[in-house]
Amino acid sequence: MSTRIAFLKGHGTENDFVIVPDPENTVDLPPAAVAALCDRRAGLGGDGLLHVVRSAAHPDARHLAAEAEWFMDYRNGDGSVAEMCGNGVRVFARYLQRAGHAAEGDLVIATRGGVKTVHLAKNGDVTVGMGRALLPEGDVVVSVGERSWSARNVNMGNPHAVAHVADLDHAGDLYTAPPVGPAGAYPDGVNVEFVVDRGPRHVAMRVHERGSGETRSCGTGACAVAVATARRDGADPAVTGTPATYTVDLPGGTLVITERPDGEVEMTGPAVIVAEGEFDSAWLEGVLATTTTG
């Protein structure tokens with residue numbers, strides 16, 4: 001017997017998500033189901049899926065239940081599990097507010113990357129504590145065609161190579177991953193950011209996300225860009241004791257990134273719920289049956 005399953009759609013700087021509220025973790029979402037829901041032609045469409053579950057009800061988050069009531073069970077659009085998504089956690093927080101589970105002010109959200117502190121502001125922006133940036137030693141070089149640039153190696157829990165360029169068009173089409181050397185610098189692949197200056201502490205960027213190509217927005221990428229640009233500009237909050245704040249323009253919108261003297265990187269930006277509805281479980285079961293039988 002088919003049932004109706006609630007969903008919402010939301011985005012943060014045009015990084016968009018299917019949201020499935022499931023407090024007691026009763027909805028089965030294997031990778032093929034997530035991929036079907038995120039399919040932009042045959043499904044609901046999204047860069048990823050936000051499965052909203054109480055921490056105590058999910059085996060991956062029970063150990064965090066005393067710290068955070070809600071767990072962001074985040075999945076990539078292909079169905080694979082991911083530790084964190086900066087734009088996703090802002091949209092997750094906006095959903096909690098809409099559903100009456102959170103109010104303006106501070107809250108905490110459990111993720112596979114740990115508990116994240118979130119602030120819901122009166123003006124609608126959402127700020128997320130993204131953790132500390134690591135700056136591995138060693139030079140890296142990014143190439144597109146005959147052009148090459150020295151790049152900064154930044155790790156925000158995932159790897160980034162940040163190249164400052166004269167023109168964002170120099171990044172090319174970004175359908176394929178730009179070559180990054182030396183060989184072995186990023187054994188698991190890398191997100192590559194191309195950055196131009198727009199003004200004092202104001203930059204614009206394009207990004208190739210590993211495995212996805214160019215995307216409209218990347219929260220960890222914007223954080224990596226802000227940290228790399230601050231170091232280029234001679235700013236290190238741990239040394240000066242003064243926070244460094246950069247405005248980062250992406251194709252899908254604008255994020256404001258602040259690195260504090262204690263090393264914590266904060267990301268502030270919009271989060272919007274655009275629609276809500278229901279899908280029929282029988283449709284999803286049919287898709288899964290087709291996938292299983294090939």
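**Pockets, charges and backbone: a dialogue**

Modeller: The second largest pocket has a volume of about 150 Å³. The model is a predicted one.

Biologist: Which residues line the second largest pocket?

Modeller: The lining consists of Arg132, Ala133, Leu134, Leu135, Arg231, Asp236, Ala238, Glu259, Arg260, Pro261, Asp262 and Gly263. By class, five of these residues are nonpolar, one is polar and six are charged.

Biologist: What makes leucine 134 count as exposed?

Modeller: Exposed residues have a relative accessible area over 50%. Leucine 134 has 52% relative accessibility, so it counts as exposed. Leucine 134 is found in the loop between S7 and strand S8 (140-144). Its C-alpha lies 9.9 Å from that of asparagine 158, and the two residues are 24 apart in sequence.

Biologist: What volume has the largest pocket, and which residues lie nearest its centre?

Modeller: The volume of the largest pocket is about 940 Å³. Its lining holds 34 residues, with Asn76, Ala82, Met84, Asn158 and Glu209 nearest the centre. Two or more lining residues come from each of strand S4 (70-76), helix H2 (86-98), strand S7 (126-132) and helix H3 (219-232). S7 gives the largest share, three residues. The lining divides into eight nonpolar, 18 polar and eight charged residues.

Biologist: How do you know that glutamate 209 has no salt bridge?

Modeller: A salt bridge requires a side-chain nitrogen of Lys or Arg within 4 Å of a carboxyl oxygen of Asp or Glu. For glutamate 209, the nearest side chain of opposite charge is arginine 210, 7.6 Å away, so no salt bridge is counted, although glutamate 209 is buried. Glutamate 209 belongs to strand S13 (residues 202-209).

Biologist: What makes the pair of glutamate 209 and threonine 215 a polar contact?

Modeller: The cut-off for a pair of N or O atoms is 3.5 Å. The side chains of glutamate 209 and threonine 215 are 2.5 Å apart, and therefore the pair meets the distance limit and is counted as a polar contact.

Biologist: Why is the pair of aspartate 16 and lysine 9 called a salt bridge?

Modeller: The closest N and O atoms of aspartate 16 and lysine 9 are 3.5 Å apart, which is within the 4 Å limit, so the pair is a salt bridge. The structure holds 19 salt bridges.

Biologist: Are aspartate 16 and lysine 9 buried or exposed, and how do you know?

Modeller: Buried means under 20% relative accessible area. Aspartate 16 has 12%, so it is buried. Lysine 9 has 15%, so it too counts as buried.

Biologist: Which residues are linked with Lys9 in a network of salt bridges?

Modeller: The network links Lys9, Asp16, Arg40 and Asp47. Within this group, arginine 40 forms a salt bridge with aspartate 47, with closest N and O atoms 2.9 Å apart. Aspartate 47 has a relative accessible area of 31%, which lies between 20% and 50%, so it is partly exposed.

Biologist: What makes the pair of arginine 232 and aspartate 197 a salt bridge?

Modeller: The N to O distance between arginine 232 and aspartate 197 is 2.9 Å, within 4 Å, and therefore the pair is a salt bridge. The pair links distant parts of the chain, since arginine 232 is in helix H3 and aspartate 197 is in strand S12 (residues 191-199), 35 residues apart. Arginine 232, at 41% relative accessibility, counts as partly exposed. Aspartate 197 also counts as partly exposed, at 45%.

Biologist: What is noted about the phi of glutamate 14 and of asparagine 25?

Modeller: Most residues other than glycine have a negative phi. Glutamate 14 is not a glycine, yet its phi is positive, about 70 degrees. This residue lies in the loop between strand S1 (4-12) and strand S2 (15-21). Asparagine 25 is likewise not a glycine and has a positive phi of about 60 degrees. Its place is in the loop between S2 and helix H1 (31-38). Glutamate 14 is partly exposed at 37% relative accessibility, and asparagine 25 is partly exposed at 26%.

Biologist: Is the peptide bond from glycine 181 to proline 182 cis or trans?

Modeller: Most peptide bonds are trans. The bond from glycine 181 to proline 182 is cis, with omega near 5 degrees. Proline 182 is located in the loop between strand S11 (180-181) and S12.

Note on methods: Residues are numbered from 1 along each chain as its sequence is written. This is a predicted model: local features need pLDDT of at least 70, side-chain atom pairs count only at pLDDT 80 or more; totals for chains, interfaces and linings use all residues. Side-chain values use heavy atoms; hydrogens and water are left out. On a 1 Å grid over the protein atoms alone, a cavity is a set of points where a 1.4 Å probe fits but cannot get out, and a pocket is an open set with protein on both sides within 12 Å along at least five of seven lines; lining residues have an atom within 4 Å of a point. Grid points are joined across faces, edges and corners, and a volume is the space filled by probe spheres set on the points. Helices (H or I, at least four residues) and strands (E, at least two) are DSSP runs, numbered from the N terminus. Ala, Val, Leu, Ile, Met, Phe, Trp, Tyr, Cys and Pro count as nonpolar, Asp, Glu, Lys and Arg as charged, and the others, Gly among them, as polar. Buried means under 20% relative accessible area, exposed over 50%, partly exposed in between (1.4 Å probe, protein chains only). Lys and Arg count as positive and Asp and Glu as negative; His and the chain ends are not counted. A polar contact is a pair of N or O atoms within 3.5 Å; within protein, one must be able to donate a hydrogen and the other to accept it, and residues adjacent in sequence count only if both atoms are side-chain atoms.
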